[in-house]
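Hi everyone, thanks for making time. I'd like to walk you through one structure today, so please have the viewer open and follow along.

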Amino acid sequence: MTILGIDIGGSGVKGAPVDVARGELLGERFRVPTPRPADVDRVVEAVAEVAARFGDFDSIGVTFPGVVVDGVTRSAANVDKSWLDAPAAQLFSDRLGKPVTVLNDADAAGVAEVAFGAGHDQSGLIMMLTFGTGIGSALFLDGTLIPNTEFGHLEIDGADAELLASDRIRETEDLSWEQWAVRVERYLRHVEMLLAPRLFIVGGGVSKKSEKFFPLLDIRTPIVPATLLNNAGIIGAAIAAHQAAGGPGPQDPGAIAVDAAAPAAQG
Ligand code: BGC
């Protein structure tokens with residue numbers, strides 16, 4: 001069974017076939033730039049372009065940078081507003097002629113990290129946080145995803161946390177690592193006060209530079225960088241698609257069958 005994972009990001013739509021038993025890409029990733037504007041029609045075409053690169057496949061998992069419930073995209077903080085309440089899984093599935101599973105981008109990255117990366121074999125409450133254009137969160141209890149948490153939008157000092165401490169803000173406000181770390185620490189302390197996780201896993205591009213800011217953080221919770229780097233979303237999306245197709249797994253992120261008459265798969 002060939003499963004593709006595709007990650008819709010702020011600057012690129014990236015995909016590859018994935019070995020879901022090993023958590024590895026089966027070939028080189030193919031990337032197209034994220035269309036501008038990143039509206040539903042253009043992004044569906046971009047995903048189709050990436051998928052077409054890999055010939056035949058059985059099912060596909062797609063990440064989305066917002067809330068996804070039963071294959072429908074329910075929020076659009078950093079993407080075109082045409083995604084609000086879009087039947088994303090159905091639209092991708094109609095276009096690709098295959099079963100498609102759509103899940104939140106941070107959830108996908110977390111699924112991969114918990115299965116094969118920094119969260120492997122960790123019990124209790126684990127929190128993945130991705131610092132990029134926004135702040136994404138994924139919460140796991142004993143390896144099971146609690147989907148669609150949006151802890152990047154916690155209010156900190158009256159502001160949306162991701163407008164204070166995302167990596168995009170570090171860049172646009174030209175913050176030094178020290179300045180940015182103060183904000184990240186403020187944010188992480190708030191999160192640990194609310195949830196007391198056993199471990200923070202930090203993903204997003206900035207996870208490659210963890211040595212620049214981890215030593216500056218004074219928090220109680222152990223913190224580690226993601227280990228699957230840029231591929232976590234792709235791998236997690238494919239794992240979710242595999243689970244939706246009947247493979248073993250901790251969650252059902254809302255698959256939809258290719259036959260429009262069939263109901264969305266329920267966990
Ligand atoms: C969205 C989340 C997403 C995160 C990272 C936030 O603005 O609300 O759903 O996971 O950005 O892309």
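Let's begin at Pro37, which sits in the loop between strand E4 (30–33) and H1. This is a predicted model, and in it the peptide bond joining Arg36 and Pro37 is cis, with omega at about -10°.

What angle do H1 and H2 make where they pack? Helix H1 (residues 40–52) and helix H2 (residues 88–96) meet at about 50°, and their axes are 10 Å apart. That value lies between the 35 degrees under which we would say roughly parallel and the 65 degrees where roughly perpendicular begins, so H1 and H2 are oblique to each other. The crossing of H1 and H2 is right-handed. On the H1 side, the contact is made by Val40, Val43, Val44, Glu45, Val47, Ala48 and Ala51, and H2 brings Leu91, Phe92, Arg95 and Leu96. Sorted by class, this contact has nine nonpolar residues, two charged ones and no polar ones.

An α-helix has 3.6 residues a turn, so residues three or four places apart point the same way.

Staying with H2 for a moment, which of its residues are buried? They are Ala88, Ala89, Gln90, Phe92, Ser93 and Leu96.

Helix H3 (residues 105–116) packs with helix H8 (residues 232–244) at an angle of about 85°, and here the axes are 7 Å apart. With 65 to 115 degrees as the range for roughly perpendicular, H3 and H8 therefore count as roughly perpendicular to each other. From H3, the residues in contact are Ala108, Ala109, Val111, Ala112, Glu113, Ala115 and Phe116; from H8, they are Ala232, Gly233, Ile235, Gly236, Ala237 and Ile239. By class, that makes 10 nonpolar, two polar and one charged.

Two strand residues are worth a stop here. Asp7 lies in strand E1 (residues 3–8). Is Asp7 buried or exposed? Its relative accessible area is 11%, so Asp7 is buried. Leaving aside residues up to four places away in sequence, Asp7 touches Gly12, Val13, Lys14, Thr63, Asp105, Gly233 and Ile234. The other one is Leu145, in strand E11. Leu145 is buried too, at 5% relative accessible area. Its C-alpha atom is 9.6 Å from that of Ala108, although Leu145 and Ala108 are 37 residues apart along the chain.

How many aromatic pairs does the structure hold? There are eight. Take Phe131 and Trp180: this pair is edge-to-face, 5.8 Å from centre to centre, with 85° between the planes. Phe131 belongs to strand E9 (residues 125–131) and Trp180 to helix H6 (residues 177–195), so their pairing ties together parts that are 49 residues apart in sequence. Phe131 counts as buried because its relative accessibility is 1%, and Trp180 is buried as well, at 0%.

Trp180 also pairs with Phe213. Their ring centres are 4.9 Å apart and the planes stand at 65°, so this pair is edge-to-face. Since Trp180 is in helix H6 and Phe213 in helix H7 (residues 210–213), the pair ties together parts that are 33 residues apart in sequence. Phe213 is buried, with a relative accessible area of 0%. Ring pairs link Phe131, Trp177, Trp180, Tyr187, Phe213 and Phe214 into a cluster.

Last stop, the backbone again, with two aspartates. Asp70 has phi near 50°, which is positive in a residue other than glycine, and Asp70 lies in the loop between strand E6 (68–69) and strand E7 (72–73). Asp142 has a positive phi of about 50° and is not a glycine either; this residue is in the loop between strand E10 (135–141) and strand E11 (144–146). How does accessibility come out for the two? Asp70 counts as partly exposed because its relative accessibility is 39%, whereas Asp142, with 53%, is exposed.

That's the tour, and I'm happy to go back to any of these spots.

Note on methods. Residues are numbered from 1 along each chain as its sequence is written. This is a predicted model: local features need pLDDT of at least 70, side-chain atom pairs count only at pLDDT 80 or more; totals for chains, interfaces and linings use all residues. Side-chain values use heavy atoms; hydrogens and water are left out. Axes are lines fitted to C-alpha atoms, for helices over the stretch in contact, and angles run from 0 to 180 degrees between N-to-C directions. Helices (H or I, at least four residues) and strands (E, at least two) are DSSP runs, numbered from the N terminus. Angles under 35 degrees count as roughly parallel, over 145 as roughly antiparallel, 65 to 115 as roughly perpendicular and the rest as oblique. A crossing is left-handed if the near helix is turned anticlockwise from the far one by less than a right angle, and right-handed if clockwise. Contact means heavy atoms within 4.5 Å. Ala, Val, Leu, Ile, Met, Phe, Trp, Tyr, Cys and Pro count as nonpolar, Asp, Glu, Lys and Arg as charged, and the others, Gly among them, as polar. Rings of Phe, Tyr and Trp (its six-membered ring) pair if their centres lie within 6.5 Å; planes under 30 degrees apart count as stacked, over 60 as edge-to-face and the rest as tilted. Buried means under 20% relative accessible area, exposed over 50%, partly exposed in between (1.4 Å probe, protein chains only).
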